[in-house]
Amino acid sequence: MINAVLVFNNSGQPRLTKFYTQLETSVQQRLISEIFILVNARAPGSCNFLPLPPLLTPTTAPSSSNDVPSLVTYRHYATLFFIIISTSTESPLALIDLIQVYVEALDRLFENVCELDLIFNFETLHAVLAEMVVGGVVIETGLEKVVEGVRAQGKVAKRPVNEGMGGRGPWGPWVVILGGPDGDGE
Amino acid sequence: MFGHDMSWASFHVLEVMSSAKYLQKRVGYLGAVQSFRPDTEVLMLATNLLKKDLTSTSANTMSLPIITLPHIITPSLALSVLSDLLPRLTHSHPTIRKKTIVTLYRLALVYPETLRPAWPKIKERLMDEGEDPSVTSAIVNVVCELGWRRPHDFLPLAPRLFELLVDSGNNWMAIKLIKLFATLTPLEPRLVKKLLPPLTTIIRTTPAMSLLYECINGIIQGGILGSSDESAGGEEIATLCVSKLRGMVMVEGDPNLKYVALLAFNKIVVTHPFLVAQQEDVIMDCIDSPDISIRLRALDLVVGMVSNDNLMSIVGRLMRQLRNSRSPTSEEVNKRVSTGMVEPAADSDDEDPEIAIKNDKGVSQEILLPDEYKVDVINRILEMCSSNNYGNLVDFDWYIDILIQLVRNCPVSRSFLSQDVDSRRGDSSSTDVSGKVGNELRNVAVKVKAIRLQAARAAESILMSTFNDNSASLNPANGALRPIAWMVGEYANSLESPDAALTALLHISKGSVPGEGLVIYIQALPKVFSFLTSEDSAAWTPERKTMISLLMARIIHTLEPLAMHPDLEVQERAVEFAELLKLAAEASAGQAASTSDIQQDSPLLLTQAIPSLFTGVELNSVAVGAQKNVPIPNGLDLDQPINLNLNNLLRAVESASFDEPDQDEFETYYHQAPPPVPSVNEPAINRLGTPEEVVQSYQQGSEESYLDPDIVARRRAERLERNKDDPFYIAPTEISGRSTPLHNILQSNNGPDLDLDAIPIMQLDLEKTKPSTSPPKKTKVSKVRHRIQVAADETLGTSGTSTPQNDDSEASLEVASQRPKPKGKHSLLQVDSSHIGAFSLEDDGSSNGPVDFEAQQREEAEMAKAMKEVERLRLEMQRANERIQAAQGVSLEGTVVKKKTKKKPKTVDADGTVPVVKKKKAQKAVTDEGEGESSMAAEVVKPKKKKKKPKVEEEHGVQEGS
């Protein structure tokens with residue numbers, strides 16, 4: 001199952017944190033910062049999997065249990081990192097595609113989504129996630145259905161329009177590459 | 001939401017949640033996810049709201065509690081919302097259906113009873129061909145999650161799942177199905193035959209890399225690879241998988257595929273190491289990948305596929321990595337310590353320009369590697385070499401050199417930066433790893449007799465280097481020095497120059513060193529000393545007498561300040577040995593030295609008593625579990641107190657300890673030793689102690705790339721020595737050019753005879769070339785090369801002392817220590833699903849008794865009936881009571897009232913509180929157990945119950961009064 005979905009920007013400020021198990025806030029903060037340190041140190045060409053952060057590394061010898069979070073998958077889009085922490089029952093490559101679907105859905109809803117959109121419309125951010133993952137289990141992977149589901153909940157608010165002043169500053173639009181590496185997101 | 005604490009706002013969140021507007025409600029529910037915890041009190045209040053929203057007419061509103069529940073669920077909440085959630089499984093909207101299914105799964109994790117009513121419905125959904133594909137997919141996801149927890153329950157579903165796998169074109173679902181089948185196949189081997197054809201087709205045809213990967217992974221995990229080995233298809237599928245994986249590793253530019261392929265290899269390597277070993281070339285490339293994640297996975301893999309043949313090349317590669325890298329912290333340390341020497345190798349006193357250039361190049365090429373990675377690499381190297389009781393190791397000389405190099409390359413503990421003893425002591429990870437290297441060296445020395453001499457020499461040279469160079473990695477607090485000091489003490493007879501070793505030991509035995517290390521250093525001191533002085537045959541000449549008394553004075557001088565060390569163990573050993581040596585000093589002072597005419601014996605204390613403390617039975621390695629196998633002797637009762645008066649004694653000690661400080665001063669004042677003679681000649685010994693480091697070489701060899709030059713040089717010298725008498729061995733030509741001025745000095749010191757010996761004489765004596773007649777040294781060496789006796793750990797047990805047994809005992813110990821672990825401590829983020837494993841899904845309903853869902857309902861109905869009965873009886877009694885009162889008339893009423901008023905406060909005091917508590921408890925229990933109706937029933941019951949209790953008391957009062 002998926003243990004947590006995190007989104008934070010290049011300076012480590014969280015934009016979305018969703019833990020599918022109950023966790024102390026202080027532990028959450030520590031985990032986020034540990035992952036950020038790891039993810040920030042990655043070279044651009046390296047793979048999308050992180051070694052486990054110290055907080056998650058098992059203290060004893062690696063047990064065969066499927067319950068323990070064992071995989072940290074991330075993707076980096078312009079200013080944002082998308083991170084999924086999951087157990088071994090999830091397929092690593094499928095998770096990469098899942099992040100892709102999530103980002104594409106956001107892009108579809110906001111039209112050229114950028115970090116500001118996510119700051120001002122955090123409910124939509126959560127709503128999209130809720131259409132895809134409930135309680136740590138993936139329920140929908142079809143882009144169309146996700147977008148449809150979110151739209152059914154009401155109009156998605158656009159960001160406050162003040163684009164006259166020289167683009168969008170540090171939060172430029174992040175280019176979404178349509179079509180995953182092997183396009184098996186339906 | 002953004003990682004801030006908002007538990008304080010839970011009540012406000014609840015208010016927003018109950019808003020009528022959907023958008024506000026949505027934000028409220030988001031807040032609930034963030035702020036509600038199982039112990040949040042508002043959760044009780046929220047239950048009703050959740051139930052209300054679950055039955056809402058709008059699909060949007062309805063899905064809010066459904067998606068929120070998994071985050072805030074508790075067993076009691078699960079119980080109360082279950083009845084509202086179940087009907088949602090048949091909701092007309094597929095989105096609601098699939099969300100409900102997942103939420104039910106999460107409910108089941110905390111409250112397994114959920115599955116009893118929910119599972120048949122979910123199964124129905126799964127079997128329904130006309131069901132929305134995305135709902136089916138969600139069900140498959142849930143089944144996959146449940147599958148590994150209780151695979152037996154899902155075997156009956158296999159036909160339907162198989163159908164889904166073959167027919168549906170959904171890759172996501174196929175991945176999950178394959179994962180599920182991988183857990184099912186071990187239980188039902190017949191599935192393998194059915195599964196193989198579709199899986200092979202998928203592998204051959206699918207364009208989606210993730211599905212391809214999961215197929216291979218499923219084949220590996222399901223044990224299909226292993227079980228079908230006999231059949232013809234098995235070989236084929238195995239090679240197909242491996243070749244596909246190899247292709248994935250080889251793909252340029254997609255590191256993700258590399259990573260997952262290595263993950264898959266890691267699983268294969270457990271059962272089919274030979275298949276993976278064939279892919280050694282690609283895997284070894286991954287070890288040098290710039291991506292740490294990939295490296296770590298490759299490292300895991302390498303440990304699994306190591307064998308006699310590739311061990312040296314693999315370790316060599318890793319060593320090269322370690323040596324060519326430099327961690328940011330060590331750089332900082334170097335700056336701080338400012339010796340400027342990045343490589344400890346260049347520490348010796350020659351300033352050859354070529355070496356300097358090489359070092360410069362090395363520095364510029366170094367890659368930054370995190371310390372954790374280095375520690376990991378070192379651990380893996382040790383693991384690989386020592387696995388199977390050194391079964392993979394062919395060349396122990398080489399291993400010792402590797403260990404020496406590792407001690408030098410160990411990442412410097414970060415706490416060295418802050419020169420704080422306490423934090424250094426607390427920090428375990430880094431000192432740990434150097435300690436491990438040291439332990440390894442000691443293990444080799446203890447277990448492999450043939451190599452003990454070399455190991456002891458290696459330990460000696462490491463010890464010397466701590467004394468010679470000030471590089472930070474060989475701080476006296478370094479964990480590696482502990483076992484090394486022990487070796488130097490224990491195998492003092494193998495040392496090259498015990499004198500110099502003693503000096504080095506004295507040098508590191510300082511008060512600033514943590515106690516754990518100091519204890520061992522102090523223990524090693526008298527061992528080396530006794531070796532130095534115990535030669536019985538040596539004449540007690542005046543030189544010897546002075547030399548020994550000087551030595552003793554130096555040791556006492558070192559030990560004395562340690563008698564005040566905060567660590568008790570250090571104190572004790574320091575005092576013991578200092579006193580012993582003082583005695584010995586007196587004895588040797590009393591013994592006049594032998595002159596030319598009178599022969600005097602050395603004092604017995606030195607030649608007999610002190611050595612007998614340390615020589616005795618040889619120490620062997622003991623298996624980890626051996627201690628447990630020691631039988632408890634008859635008549636030993638561990639529960640019986642040894643001294644019945646122990647408590648009194650302890651108390652006496654406590655009260656006596658007040659005047660201890662005074663005594664201490666008194667003692668030190670009167671038992672002060674004569675002022676010790678300061679040691680002056682340390683530098684000289686130091687210079688003579690390490691002649692071998694002078695020899696440097698410039699030849700570029702394969703080993704040179706990861707071993708420091710001095711180690712390489714020593715290896716070459718040894719090789720030369722070994723092959724001295726072999727006429728076919730072509731000695732390196734640079735042999736003559738190798739002499740450095742210092743070398744000359746040594747030669748001249750040693751005299752011309754030695755020089756003559758060193759000249760190779762070509763003797764064409766055929767006898768001599770035969771191994772049988774070659775000098776004893778050579779045979780010994782060749783024996784070392786081929787079959788080295790590695791002593792097994794000593795153990796007590798029924799099944800002998802073979803190594804597998806040793807492994808067993810270790811394994812069993814590990815298992816034993818692991819077993820209670822999962823119960824006690826859960827990993828972070830882990831869902832606690834321990835209850836669900838014990839839960840039975842099979843419909844043997846009634847036998848399960850009160851836990852059963854239906855049975856519970858029945859019980860509640862009975863309970864309600866019983867309550868009604870009680871109520872009826874109570875009313876009857878009340879009526880009867882009224883009748884009695886009416887019959888007794890008005891005359892007695894006054895006294896009754898009086899009694900009542902007297903009694904009342906008493907009853908309230910004694911019983912007043914108790915019934916209230918009881919009632920609350922009862923009410924709670926009822927609401928906990930019941931769902932909708934039962935809680936209503938409880939509400940109905942409650943007021944009547946309240947009435948009942950005081951009534952009974954009243955009756956009592958009346959009866960007593962009357």
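Two residues are in contact here if their C-beta atoms, placed from the backbone, lie within 7 Å. By that rule, among contacts in chain A between residues at least 6 apart in sequence, 56% join residues at least 24 apart. Keep in mind that this is a predicted model.

**Chain A at a glance**

- Chain A comes with 5 helices and 7 strands.
- Reading from the N terminus, its elements go β-β-α-β-β-β-α-α-α-β-β-α.
- Of the 186 residues in chain A, 51% are buried.

**The sheet in chain A**

- An open sheet is built from 5 strands of chain A in the order E2-E1-E5-E4-E3, with antiparallel pairing.
- E2 and E3 of chain A sit at the edges with a single partner strand each, so one side of each has no neighbour in the sheet.
- As background, strands of a sheet pair through backbone hydrogen bonds, either parallel or antiparallel.
- E1(A) and E5(A) are antiparallel and share 7 bridges; in this pairing, A:Val7 has A:Phe82 of E5(A) as its bridge partner.
- E5(A) is also joined to strand E4 (residues 69-77) of chain A, by 8 bridges and again in the antiparallel sense. Here A:Pro69 is found opposite A:Thr87 of E5(A).
- The hairpin of E4(A) and E5(A) has 2 residues between the strands, and A:Ala78 in this hairpin takes a positive phi near 40°.
- E3(A) and E4(A) are antiparallel too, joined by 2 bridges, and A:Phe49 has A:Thr73 of E4(A) as its bridge partner.

**A closer look at strand E5(A)**

- Strand E5 (residues 80-87) of chain A is mostly covered, with 8 of its 8 residues buried.
- One way from E5(A) point A:Leu80, A:Phe82, A:Ile84 and A:Ser86, while A:Phe81, A:Ile83, A:Ile85 and A:Thr87 point the other way; all are buried.

**Where chain A meets chain B**

- Chain A puts 60 residues into the contact and chain B puts in 61 residues.
- On the chain A side, the elements that each supply at least two residues include strand E1 (2-9), strand E2 (14-19), helix H1 (25-40) and helix H2 (92-110). Helix H4 (122-132) and helix H5 (143-152) of chain A are also among them.
- Sorted by class, the side of chain A that touches chain B has 31 nonpolar, 22 polar and 7 charged residues.

**The nonpolar core**

- The largest nonpolar core has 243 residues, and those with the most contacts inside it are A:Tyr102, A:Val128, B:Val488 and B:Leu505.
- H2(A) gives the most to this core: 13 residues.
- What does B:Val488 touch, leaving aside its neighbours within four places in sequence? Its contacts are B:Ala459, B:Glu460, B:Leu463, B:Leu495, B:Ala501, B:Leu505, B:Ala524 and B:Val528.

**A:Val101**

- You'll find A:Val101 in helix H2 of chain A.
- Why does A:Val101 count as buried? Because A:Val101 has 21 C-beta neighbours inside 10 Å, and the cut-off for buried is 20 or more.
- A:Val101 and A:Gly142 are 41 residues apart along the chain, yet 7.7 Å separates their C-alpha atoms.

**Helices H29 and H30 of chain B**

- Helix H29 (residues 515-533) and helix H30 (residues 542-562) of chain B pack with their axes 11 Å apart, at an angle of about 170°.
- Angles over 145 degrees count as roughly antiparallel, so H29(B) and H30(B) are roughly antiparallel to each other.
- From H29(B), the residues in the contact are B:Leu518, B:Ile522, B:Leu525, B:Phe529, B:Leu532 and B:Thr533. They meet B:Ile548, B:Leu551, B:Ile555, B:Leu559 and B:Leu562 of H30(B).
- By class, this contact of H29(B) with H30(B) has 10 nonpolar, 1 polar and no charged residues.

**Helices H6 and H8 of chain B**

- Helix H6 (residues 94-110) and helix H8 (residues 133-147) of chain B have axes that come within 9 Å and cross at roughly 5°.
- That angle makes H6(B) roughly parallel to H8(B).
- H6(B) brings residues including B:Arg97, B:Lys98 and B:Ile101 to the contact, and among those from H8(B) are B:Val135, B:Ile139 and B:Glu145.
- The contact of H6(B) with H8(B) splits into 9 nonpolar, 1 polar and 3 charged residues.

Note on methods
Residues are numbered from 1 along each chain as its sequence is written. Chains are lettered from A and ligands numbered from 1 in the order in which they are written. This is a predicted model: local features need pLDDT of at least 70, side-chain atom pairs count only at pLDDT 80 or more; totals for chains, interfaces and linings use all residues. Helices (H or I, at least four residues) and strands (E, at least two) are DSSP runs, numbered from the N terminus. Ala, Val, Leu, Ile, Met, Phe, Trp, Tyr, Cys and Pro count as nonpolar, Asp, Glu, Lys and Arg as charged, and the others, Gly among them, as polar. A nonpolar core is a set of buried Ala, Val, Leu, Ile, Met, Phe, Trp, Tyr and Cys residues joined through C-beta atoms within 7 Å. A residue is buried if 20 or more other C-beta atoms lie within 10 Å of its own, exposed if 12 or fewer, and partly exposed in between; C-beta atoms are placed from the backbone. Two strands pair if DSSP finds at least two bridges between them. Axes are lines fitted to C-alpha atoms, for helices over the stretch in contact, and angles run from 0 to 180 degrees between N-to-C directions. Angles under 35 degrees count as roughly parallel, over 145 as roughly antiparallel, 65 to 115 as roughly perpendicular and the rest as oblique.
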